[in-house]
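Subject: Structure handover

Hello,

Here is the structure for your files. My notes on it follow below.

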Amino acid sequence: MNYNTELKKLALPEYGRNIQNMVDYCVSIPEKEERQRCANSIINIMGNMFPHLRDVNDFKHILWDHLAIMSDFKLDIDYPYEIIKKENLYSKPPRIPYNNSRIRYRHYGKTLELMIRKANELEEGEEKSYLIHLLANQMKKSFLTWNKESVDDRKIFKDLDELSQGKIVLNEEEYKLTESREILARNNNNNNNNNNNNNKKNHSRKNR
């Protein structure tokens, strides 16, 4: 009796030993036409093993890639897709650069800082005034999401002044932001709705 530890290592263990044996046999078939028929049959069996993945994009293409990998790229057939190259199989993807730029106020976030810079570039007018008002209200919402306490509009205007490098200075008499209690009430309602939805989903799963 042979133990699995004594057998050839499986290239893709998720398909099991039997599929690997089929692939090895397919590689050994001398006639190309017969190899092609054998390969098509193996692909059908592989696909039936994971029926829940059939809606995944390029599912068939992935199966043919896997067949090539399990054959150690020795299976000489006419592949219906361009197969992954062996030299690219273990190549590492390019490293994703991390954004190390400093965020002055984390509760506002980097995106809002970028939008404030964009507002600085706009010409004076109705569009710029409207955008600034939206940004100030969003800053207040973000502040209350993190701190969950009432905040004076002057604090928001001061932070906006700082983030815009003194280019956006708001007068609290001209700009009226959404009341803190209204924002907090809305946040609480959203949290309650989310909790209720999660409870309903959990209850539904338990009753299945």
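Is E82 buried or exposed? E82 is exposed, because its relative accessible area of 63% is over the 50% cut-off. Please keep in mind throughout that this is a predicted model.

Overall fold

The chain has eight helices and zero strands. Read along the sequence, the pattern is therefore α-α-α-α-α-α-α-α. Of the 208 residues, 30% count as buried. Taking the contacts between residues at least 6 apart in sequence, 49% join residues that are at least 24 apart.

Salt bridges

The search of the whole structure gave 14 salt bridges. Some of them are described here.

E82 is paired with K85, and the closest N and O atoms of this salt bridge are 3.8 Å apart. While E82 is exposed at 63%, K85 is partly exposed, with a relative accessible area of 42%.

D72 and K86 form a salt bridge through their side chains, with an N to O distance of 3.1 Å. This pair links distant parts of the chain: D72 sits in the loop between α3 (59–70) and α4 (86–89), K86 belongs to helix α4, and the two are 14 residues apart. D72 has a relative accessible area of 34% and is partly exposed. K86 also counts as partly exposed, at 42% relative accessibility.

E113 and K110 meet in a salt bridge as well, at 3.8 Å from N to O. Both residues lie in helix α5 (residues 110–121), three residues apart, which is about one turn of the helix. Are E113 and K110 buried or exposed? E113 is buried, and K110 is buried too.

A network of salt bridges links E33, E34 and R37.

Helices α1 and α2

Helix α1 (residues 16–28) and helix α2 (residues 32–49) have axes that come within 9 Å and cross at roughly 165°. Why do α1 and α2 count as roughly antiparallel? Angles over 145 degrees are classed that way, so the two helices are roughly antiparallel to each other. Their crossing is left-handed. On the α1 side, the residues in the contact are I19, M22, V23, Y25, C26 and V27. They meet R35, C38, A39, I42, I45, M46 and M49 in α2.

Helix α6 (residues 126–147) has 22 residues. From its first C-alpha to its last, α6 reaches 32 Å, close to the 32 Å expected at 1.5 Å a residue. Its buried residues are K128, I132, L135, A136, N137, M139, K140, S142, F143 and L144. Just after α6, K148 takes a positive phi of about 55°.

How do α6 and α7 pack, and at what angle? Helix α6 and helix α7 (residues 153–163) pack at about 115°, with their axes 10 Å apart. The crossing in which α6 passes α7 is right-handed. From α6, the contact is made by I132, A136, M139, K140 and F143. From α7, it is made by D153, K155, I156, F157, D159, L160 and L163. The α6 residues I132, A136, M139, K140 and F143 are also among those listed as buried in that helix.

Regards

Conventions
Residues are numbered from 1 along each chain as its sequence is written. This is a predicted model: local features need pLDDT of at least 70, side-chain atom pairs count only at pLDDT 80 or more; totals for chains, interfaces and linings use all residues. Side-chain values use heavy atoms; hydrogens and water are left out. A salt bridge is a side-chain nitrogen of Lys or Arg within 4 Å of a carboxyl oxygen of Asp or Glu. Helices (H or I, at least four residues) and strands (E, at least two) are DSSP runs, numbered from the N terminus. Buried means under 20% relative accessible area, exposed over 50%, partly exposed in between (1.4 Å probe, protein chains only). The expected span of a helix is 1.5 Å times one less than its number of residues. Axes are lines fitted to C-alpha atoms, for helices over the stretch in contact, and angles run from 0 to 180 degrees between N-to-C directions. Angles under 35 degrees count as roughly parallel, over 145 as roughly antiparallel, 65 to 115 as roughly perpendicular and the rest as oblique. A crossing is left-handed if the near helix is turned anticlockwise from the far one by less than a right angle, and right-handed if clockwise. Contact means heavy atoms within 4.5 Å.
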